[in-house]
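Here is a short note for your next look at the model. Please keep the viewer open while you read.

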Amino acid sequence: MKAIRRFTVRPVLPEPLRPLSDLARNLRWSWHAETRDLFQAVDPERWAASEGDPVRLLGSVPPARLAELAGDRRFLRRLTAVADDLGDYVTGDRWYQTRPQSAELPAAVAYFSPEFGITAALPQYSGGLGILAGDHLKSASDLGVPLIGVGLLYRHGYFRQSLSRDGWQQEHYPVLDPNELPVALLKEADGTPAHVSLALPGGRLLRARIWLAQVGRVPLLMLDSDVEENDVGERGVTDRLYGGGSEHRLLQEMLLGIGGVRAVRTYCRLTGHPGPEVFHTNEGHAGFLGLERIAELVAAGLDFDSALEAVRAGTVFTTHTPVPAGIDRFDRELVAHHFGADAELPGIGVEHILRLGMETYPGGEPNLFNMAVMGLRLAQRANGVSLLHGNVSREMFSGLWPGFDPDEVPITSVTNGVHAPTWVAPEVVRLGARQLGDRRTEEALTVGGPERWDAVAEVADQEIWELRRSLREQLVLEVRERLRASWRQRGAGTAELGWIDGVLDPDVLTIGFARRVPSYKRLTLMLRDRDRLLDLLTHPDRPIQIVVAGKAHPADDGGKRLVQELVRFADDPRVRHRIVFLPDYGMAMAQKLLPGCDIWLNNPLRPLEACGTSGMKAALNGGLNLSVLDGWWDEWFQPDFGWAIPTADGAGTDPDRRDDIEAAALYDLLEQRVTPRFYERGRSGLPDRWIEMVRQTLTLLGPKVLAGRMVREYVERLYTPAAHAHRSMTPDTARELSAWKGRVRAAWHGVSVDHVETTTATATAELGTTLALRVRVRLGDLAPDDVEVQAVSGRVDPEDRITDGTTVPLKPTAGPDLEGHWTYEGPLSLDRTGPYGYTVRILPTHRLLASGAELGLVVVPAEGAVTGAGVLMR
């Protein structure tokens with residue numbers, strides 16, 4: 001019979017064991033080995049059955065066992081030591097608190113994301129964005145960065161995946177009871193649950209509770225609309241991650257952004273936590289947070305434009321996708337319906353809101369509201385997530401800064417990293433601890449720094465090879481167990497599955513490929529020439545084996561067909577012992593899969609992989625990367641520790657031909673370079689050259705791929721400047737900047753470069769020559785303090801475009817004359833040989849601007865305004 005009501009019955013822990021509850025509720029256990037070992041010691045069998053979830057474990061341990069542990073002095077000493085360690089961790093000084101400029105650092109940073117992958121026990125993620133967000137929080141905790149995470153609590157999370165008998169993806173949405181998760185309700189002083197609410201059209205309200213997950217030192221606030229006070233439709237707003245239609249998604253993103261800011265304010269009021277000086281918008285989904293902050297300032301007396309400047313100063317926006325389909329865009333009428341006098345943020349004119357999301361650039365859709373565009377307009381600082389992705393993003397969004405070359409668009413890049421304590425296998429950590437000691441190993445995995453990783457050079461070849469084989473063997477056992485469970489779900493009987501005992505071999509070169517399954521990641525590229533793949537899998541002397549996993553979006557039938565194609569190939573009795581597809585890829589599987597693979601394969605369509613961090617996790621375990629030069633691999637690839645798959649991305653190459661060319665290059669690399677390197681043996685009987693590549697991976701890549709390095713870059717390059725800008729943006733300063741921008745925009749039509757001349761009119765000049773540059777400009781209603789006149793010079797391409805320009809400000813020497821002209825002069829140093837050119841331009845300038853391109857205004861000389869200028873030294 002089915003229960004008509006469900007309760008969560010919590011265990012009553014004996015007094016000596018009470019610290020276990022605190023340890024279970026702080027998610028640091030998910031990356032702290034000693035805490036996990038302690039919970040395993042409570043009851044090893046139930047720990048395994050709970051899939052490593054301390055909350056589930058404590059709910060299942062019999063009272064007799066708890067009473068036994070309460071009297072076990074050895075266990076209690078371990079418990080005290082682990083609890084004291086957590087206390088030191090959350091209260092002691094860490095990297096952030098020991099910075100020389102600590103007084104200048106932000107008092108707090110609010111980090112908003114639609115998903116967070118902290119642990120499999122809190123399934124609130126779908127893929128890379130959520131895992132990255134979880135690693136960001138965990139690394140911020142390790143470094144002592146005062147971050148507050150903000151997200152939603154989805155009652156179904158993301159879907160669970162299984163396969164039908166013919167290999168078609170099936171989706172299942174288990175109901176998650178927050179009372180059975182490692183979270184707690186945020187409560188008011190009187191003990192009632194804290195709430196936030198949003199106004200909906202027609203006088204309705206969308207209410208949400210605030211659940212708190214403690215991620216080490218970092219609180220993660222998650223909003224949940226499944227509360228009795230809501231109507232059925234509103235209760236379902238936080239039903240599932242990336243589900244529903246446009247209005248459903250819009251309401252989720254309003255709750256995340258607007259409700260999230262209100263949740264942060266509530267949390268800080270109740271706990272005394274410092275209010276955030278910086279708000280970090282992780283992808284456009286959370287962009288509405290800027291509107292709520294504008295509304296707060298408008299309610300305090302600022303006009304909209306001044307409030308916008310104040311909000312922009314303290315906002316950082318990170319874009320994560322170079323794929324336009326990955327950006328949320330809503331119909332303008334739908335957005336307008338949910339804002340204004342009869343809905344949310346009535347203090348802000350709807351036209352102001354709509355303008356922030358308008359695609360005003362060539363090729364834009366004027367009737368769509370673009371969340372990434374709004375995110376960029378609401379943030380003074382923005383970044384992509386790898387060097388290449390920064391370049392792609394500047395090109396992609398260059399229309400928002402007309403007149404500027406893409407390389408001047410104010411979007412920088414901070415390359416993603418991964419949280420090593422989460423993703424490095426315990427065996428690897430133990431090897432590091434033997435070499436470095438526990439303390440230095442922890443610092444190497446959290447803070448980073450190459451000097452801590454150099455010690456890998458001293459590890460013996462035999463130790464490295466034995467470690468790699470041990471990890472591969474563990475993966476083989478894990479794969480067989482998961483594959484057997486998958487086939488049973490597909491309807492196979494036990495008698496049919498004897499072959500699974502021979503699947504994979506711990507002495508065979510093992511390749512991993514696991515990720516989401518959008519078409520651009522090309523799950524089935526390896527199948528382009530099945531005969532060649534078959535030869536590789538079954539080679540008599542140098543075979544390979546491949547473990548594949550990944551989920552297609554529930555609405556993506558094309559992705560599901562790719563999964564089915566791969567599954568059907570892997571079902572072939574000729575190869576099923578050498579290639580497997582594991583359904584339901586998630587954090588728990590990744591933590592087993594990544595360490596056991598010798599090669600991590602990545603073959604997206606370049607440059608559509610913004611960063612791609614799974615290969616980083618493999619590298620931290622000594623896995624080598626075999627990848628297209630995209631995302632982070634484009635930035636850090638060296639032949640010392642991996643292989644680059646050549647790309648055929650010429651304009652004239654059709655997609656099918658491109659896939660054929662790149663698949664052939666993949667097969668060639670595997671046949672001619674990868675497998676020989678793995679199987680060849682040196683004098684010691686070991687694959688010396690392979691082991692050296694593993695060593696170089698750990699030594700050279702290890703410090704780079706850490707989320708600790710990433711978070712330190714965010715603090716130093718984005719959070720701290722944003723905090724300074726926020727502090728300087730008082731109400732009066734915000735009004736000043738807003739008024740100045742309005743005046744400049746209104747007067748910009750009167751600005752021009754009317755004449756440019758140099759001391760030479762020849763087409764050649766010698767290296768080291770300095771020319772005198774004189775420029776006559778018209779500023780209209782503006783003054784020299786409002787603008788900067790610059791000379792831009794550098795090498796030029798065959799179309800005379802400056803490709804590596806440097807800028808030098810020119811100084812006013814006279815003016816205005818009777819015609820309103822100002823004269824500017826300055827030197828032009830010819831410091832490079834070859835085709836060289838220069839131009840002159842005028843930009844707005846103000847002490848509070850983060851970039852000269854911020855207003856998107858620039859003036860260059862008109863045709864005929866130049867005397868003795870142009871291309872030099874051709």
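This is a predicted model: local features need pLDDT of at least 70, side-chain atom pairs count only at pLDDT 80 or more; totals for chains, interfaces and linings use all residues.

1. Strand β7 and its partners. Start at β7, residues 204-215. Strand β5 (residues 184-185) pairs with β7 in the antiparallel sense, over two bridges. Ala184 stands opposite Leu212 of β7 there. Strand β6, residues 195-200, also runs antiparallel to β7 and is joined to it by six bridges. Val196 has Ala208 in β7 as its bridge partner. Strand β8 (residues 218-224) pairs with β7 through seven bridges, again antiparallel. Here Arg209 faces Asp224 of β8.

2. Two hairpins. β6 and β7 make a hairpin with three residues between the strands. Gly202 in that hairpin has a positive phi near 80 degrees. The hairpin of β7 and β8 has two residues between its strands. In its turn, Gly216 takes a positive phi of about 65 degrees.

3. What does Asp224 form with Arg155? The two make a salt bridge, with the closest N and O atoms 2.8 Å apart. Asp224 lies in strand β8 and Arg155 in the loop between β2 (147-152) and β3 (160-163), so the pair ties together parts 69 residues apart in sequence. Asp224 counts as buried because its relative accessibility is 0%. Arg155 is buried too, with a relative accessible area of 14%.

4. The network around that pair. Arg155, Arg209, Asp224, Asp226 and Arg235 are linked in a network of salt bridges.

5. Glu171 and Lys560 meet through their side chains in a salt bridge, 3.0 Å from N to O. The pair connects distant parts of the chain, 389 residues apart. Glu171 sits in strand β4 (residues 169-172), and Lys560 in helix α22 (residues 557-570). Are the two ends buried or partly exposed? Glu171 is partly exposed, at 25% relative accessible area. Lys560 is buried, at 6%.

6. A pair within one helix. Glu713 and Arg717 form a salt bridge, and their closest N and O atoms are 2.8 Å apart. Both residues lie in helix α28 (residues 707-728). They are four residues apart, so about one helical turn separates them. Glu713 counts as partly exposed, at 22% relative accessibility. Arg717 is partly exposed as well, with a relative accessible area of 36%.

7. The wider count. How many salt bridges does a search of the whole structure find? The total is 64. The pairs Asp224 with Arg155, Glu171 with Lys560 and Glu713 with Arg717 are among them.

8. A positive patch. Turn to the surface at Arg73, Arg74, Arg77 and Arg78. These residues gather there in a patch of positive charge. Arg74 is placed in helix α6, residues 73-91. Why does Arg74 count as exposed? Its relative accessibility is 63%, and the cut-off for exposed is over 50%.

Technical notes:
Residues are numbered from 1 along each chain as its sequence is written. Side-chain values use heavy atoms; hydrogens and water are left out. Patches are made of residues with over 30% relative accessible area and no salt bridge: like charges are joined within 9 Å, nonpolar side chains (Val, Leu, Ile, Met, Phe, Trp, Tyr) within 5 Å. Accessible areas come from the Shrake-Rupley method with a 1.4 Å probe; for residues, only the protein chains shown count as cover. A salt bridge is a side-chain nitrogen of Lys or Arg within 4 Å of a carboxyl oxygen of Asp or Glu. Lys and Arg count as positive and Asp and Glu as negative; His and the chain ends are not counted. The place of a charge is taken as NZ of Lys, CZ of Arg, CG of Asp or CD of Glu. Buried means under 20% relative accessible area, exposed over 50%, partly exposed in between (1.4 Å probe, protein chains only). Two strands pair if DSSP finds at least two bridges between them.
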